[in-house]
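Please look through the structure below before reading on. The numbered points that follow are meant for someone who has not seen it before.

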Amino acid sequence: MSLVRIASVSAVSPNTLLLSLSLTHTPIPIPSPPKSSKTPPPERRNLVLRCRSQNLGYYTTNQRLSLETMEKQVLSPEINRSLYADIEPYNSGFLKVSDIHTIYYEQSGNPAGHPVVFLHGGPGGGTSPSNRKFFDPNFYRIILFDQRGAGKSTPHACLEENTTWDLIKDIEKLREHLKVPEWLVFGGSWGSTLALAYSESHPDKVTGMVLRGIFLLRKKEIDWFYEGGAAAIFPDAWEPFRDLIPESERGCFVDAYHKRLNSNDKETQYAAARAWTKWEMMTAHLLPNEANIQRGDDDEFCLAFARIENHYFVNKGFFPTDTFLLDNVEKIKHINTVIVQGRYDVCCPMMSAWDLHKAWPEADFRVVPDAGHSANEPGISEELVAATEKLKYTTKDSAR
């Protein structure tokens, strides 16, 4: 297959799409399939190369899109790729989801807009005001919530009745509480894990998905980041994480940290939580981000982040098999989805996004060539905003 970068697109007849190629500047008419043709097989994809900072990124899709949608979401220079301005919630509250847990939620943007639910990372990371900025506040009804034990939810850092399946039930309880019939689901890192698990459980409630920094919670992913793989790239950040654990217990760092994060001594918990959190914060960006690293000095944040993450990892995400999310992807292939992945993501390396892409070629797959893991890196945030813009148009197309 020859690859070219598309410079412009226009319709010259009902059955012809004119592509102007920046390589040759030669218009090439490409017949579109007749209206009666079936959905193209996985090997036939619309492939678009995009140049940013003199690097080539790409994405693929099998989705059938109207010409109007294709122009707007792919080629139009007018599509917004910048984060939206800061906004404040118009509503917030607490929802009791069990005898033990109460979760914090908030709503911002357009009360009559298309609902989108933001699933934060970690698990245990909680939400922040900046999470609202990925969405057009005039179009979207933006819903954020802190998962069990995280952020403003109570009790803080609690592990009891805290599983993936509990969180999926909470998402449904929140949807019903807010009287949302269906919504767009947006999640990165652990949020992508939870988004996949939720959507596979309730595909009829999901209008679309934006997934970033894919984490399928398989053993090889945990081993890569917590058992020495990523240390080859960040040895300076790894050594403080490693050195907290005696050599006799280094056969499994996840288990060794689990012991300390659940110690009866609070200071032992805090010391382990700080080391666990700083390791992740120091590796989450392609270039060091001091503000992110300093989150590792906040004992209360660290305690929830480290305890809940470790709890889920020790329990293998509470999934019945190592490949559970991939094995059930057939249930969600009909959902319009954009996958955004940083090429140099050390926390959730691209192998997982690639495996998901191969299992789900129908989804748009966007690789950012000059980014790591964090949603706040420029290339990642641009693609995430572009994805939410794109899904505005596909939502309109499907409603026609």
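1. Lys-316, which has a positive phi near 55 degrees, comes after helix α9. Helices (H or I, at least four residues) and strands (E, at least two) are DSSP runs, numbered from the N terminus. This is a predicted model, in which local features need pLDDT of at least 70 and side-chain atom pairs count only at pLDDT 80 or more, while totals for chains, interfaces and linings use all residues. Residues are numbered from 1 along each chain as its sequence is written, and side-chain values use heavy atoms, with hydrogens and water left out.

2. Helix α9 covers residues 299-314. Its 16 residues should span 22 Å at 1.5 Å a residue, and the end C-alpha atoms are 22 Å apart, so the two values agree. The expected span is 1.5 Å times one less than the number of residues in the helix. Of the 16 residues in α9, 13 are buried; buried means under 20% relative accessible area, exposed over 50%, and partly exposed in between (1.4 Å probe, protein chains only).

3. What caps the N-terminal end of α9? Asp-298 does, with a side-chain oxygen 3.2 Å from the backbone nitrogen of Glu-300.

4. Two side-chain polar contacts deserve a look. A polar contact is a pair of N or O atoms within 3.5 Å; within protein, one must be able to donate a hydrogen and the other to accept it, and residues adjacent in sequence count only if both atoms are side-chain atoms. Lys-392, in helix α12 (residues 378-399), counts as buried because its relative accessibility is 8%. The side chain of Lys-392 is joined to that of Asp-136 by a polar contact of 2.8 Å.

5. Is Ser-352 buried or exposed? Ser-352 is part of helix α11 (residues 350-359) and counts as buried, because its relative accessibility is 1%. Its side chain makes a polar contact of 3.2 Å with the side chain of Arg-218.

6. Strand β7 (residues 102-109) has seven of its eight residues buried. Two strands pair if DSSP finds at least two bridges between them. Strand β6 (residues 91-96) runs antiparallel to β7 and is joined to it by six bridges, with Leu-95 opposite Ile-103. Five residues lie between β6 and β7, which form a hairpin. β7 also pairs with strand β9 (residues 140-145), in the antiparallel sense and over five bridges; here Tyr-105 stands opposite Phe-145.

7. In strand β10 (residues 183-188), six of six residues are buried. Strand β8 (residues 114-119) is parallel to β10, with four bridges joining them, and Phe-118 faces Phe-186 across this pairing. Strand β11 (residues 206-212) also pairs with β10 in the parallel sense, over six bridges. One of these bridges has Leu-184 and Gly-208 as partners.

8. Leu-287 sits in the loop between α7 (266-281) and α8 (290-293), and counts as exposed because its relative accessibility is 62%.
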